[in-house]
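Let's take a walk through part of this fold together, going from strands to helices. Have the viewer open as you read.

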Amino acid sequence: MNDETTGASPQPNGDREEIARLLPAPADWDLPREQHLRHKDLLMHHIDQEQSTRSRPARRLLRPALLAPATALTLAGVLAAGIALHDDGRRPAGTASHRAATDMRPAAALLGRISDAAADRATPPVRDDQFVYTREKTRGADLTSGKAVLGPLTDRETWLAQEPGPLRKLGLIRENGQTSTINAEFGDTGGTPAGLGRPTYRWLSSLPTDPDELLAYLYAKTPQVEARERDQAVFEQIGSLLGRMMPPRTAAALYRAAAKIPGVVPAPRAQDAIGRRGLGIARDDVRHGVRTEWVFGTEDYSFLGSRSYLTADAPYGKAGTLLSSEAELELAVVDEAGRPPADGT
């Protein structure tokens with residue numbers, strides 16, 4: 001992949017053959033053929049709405065919806081500016097239309113193995129007075145000119161407060177050496193509580209660990225976005241939770257819930273923002289011609305990062321144009337915001 005394109009997307013048959021080659025021998029369990037629902041990272045956008053709201057200030061998203069400093073605009077900020085949420089996105093969207101998924105056995109098998117690995121992965125306990133630290137490489141496309149202009153690879157560190165809240169100061173973000181405060185979400189005058197928009201360890205611990213119950217919860221609580229396919233919105237919401245510090249049972253349930261979303265497919269040629277190749281899980285937003293991929297390590301199934309790119313020509317770019325990508329490098333728990341784990345644990 002060069003800086004602006006991902007190259008041709010693999011064909012479905014190639015995906016199946018490649019995933020079969022990369023995966024270890026299947027376990028002795030069989031996935032039931034049930035209804036499959038779906039979900040992930042947030043707010044991929046209708047170009048018509050973006051054009052009509054170009055004059056609005058862009059809100060930049062830091063994993064699912066945290067306000068970040070006004071440095072170079074990323075794709076997520078531009079998309080957020082152009083999407084109208086029903087009741088500011090705070091009203092639950094109601095029950096999902098639970099459609100039966102097509103044959104998703106390759107994706108479900110991979111997500112099952114990722115789920116099993118997550119369930120066995122040890123995570124440290126997190127107190128309410130601590131901060132979850134992440135270090136990653138990110139890049140995004142700026143659409144304010146009407147064309148997707150890919151920005152440089154950015155070093156990002158975040159320290160997210162774990163207090164239940166509501167909080168007006170959610171933590172700190174440091175990008176390329178510049179540190180800023182992460183403020184409450186737009187409209188939260190009394191502060192942002194723990195929840196989908198600010199998923200603390202305690203809140204994540206409270207989620208259902210039954211995949212069907214968890215998926216039903218996510219379909220009900222994921223904010224409704226105009227012109228946004230519901231399945232895609234839930235897939236993006238799940239993606240926004242990946243790579244966070246959470247109990248192993250919660251992580252395992254998230255992956256099995258994602259396997260039940262229609263349209264989820266394997267993407268064995270996926271790679272993160274720094275070019276690490278891995279096993280991928282993807283879903284195409286057919287309405288807007290965008291594919292979102294999650295990338296996992298081939299040996300331990302750990303979350304490496306994600307990327308989104310155009311799958312069809314659009315007014316702001318050609319098919320294959322990279323829109324956003326990230327590579328997670330470190331995840332830890334610290335006692336003080338602004339200090340890395342070596343100093344802050």
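In this predicted model, strand 10 and strand 11 (residues 303-310) pair in the antiparallel sense, with seven bridges between them. One place to look is valine 290, which stands opposite leucine 310 in strand 11. Six residues separate strand 10 from strand 11 in a hairpin, and tyrosine 301 in that turn has a positive phi of about 60°.

Now turn to strand 9, which runs antiparallel to strand 10 and is joined to it by seven bridges. Here isoleucine 281 stands opposite tryptophan 294 of strand 10.

How is strand 10 itself placed? In a regular strand, side chains alternate between the two faces of the sheet. Because seven of its seven residues are buried, strand 10 is largely enclosed by the rest of the structure.

Helix 7 (residues 230-241) is largely enclosed too, since twelve of its twelve residues are buried. Those buried residues pack against helix 5, helix 6, helix 8, strand 9 and strand 10. Glycine 243, with a positive phi near 75°, follows helix 7.

Finally, the axes of helix 6 (residues 211-221) and helix 8 (residues 248-258) come within 8 Å and cross at roughly 75°, which means that helix 6 is roughly perpendicular to helix 8. Pro211, Leu214, Leu215 and Leu218 of helix 6 make the contact with Ala253, Leu254, Arg256 and Ala257 of helix 8. Seven of these contact residues are nonpolar, none is polar and one is charged.

Terms used
Residues numbered from 1 in each chain as written. Predicted model: local features only at pLDDT ≥ 70, side-chain atom pairs only at ≥ 80, totals over all residues. Heavy atoms only, no water. Axes fitted to C-alpha atoms, helices over the stretch in contact; angles between N-to-C directions. Helix = DSSP H or I, 4+ residues; strand = E, 2+ residues; numbered from the N terminus. Parallel < 35°, antiparallel > 145°, perpendicular 65-115°, else oblique. Contact = heavy atoms within 4.5 Å. Nonpolar A, V, L, I, M, F, W, Y, C, P; charged D, E, K, R; others polar. Expected span 1.5 Å × (residues − 1). Buried < 20%, exposed > 50% of the residue type's maximum accessible area, 1.4 Å probe, protein only. Pairing = 2+ DSSP bridges.
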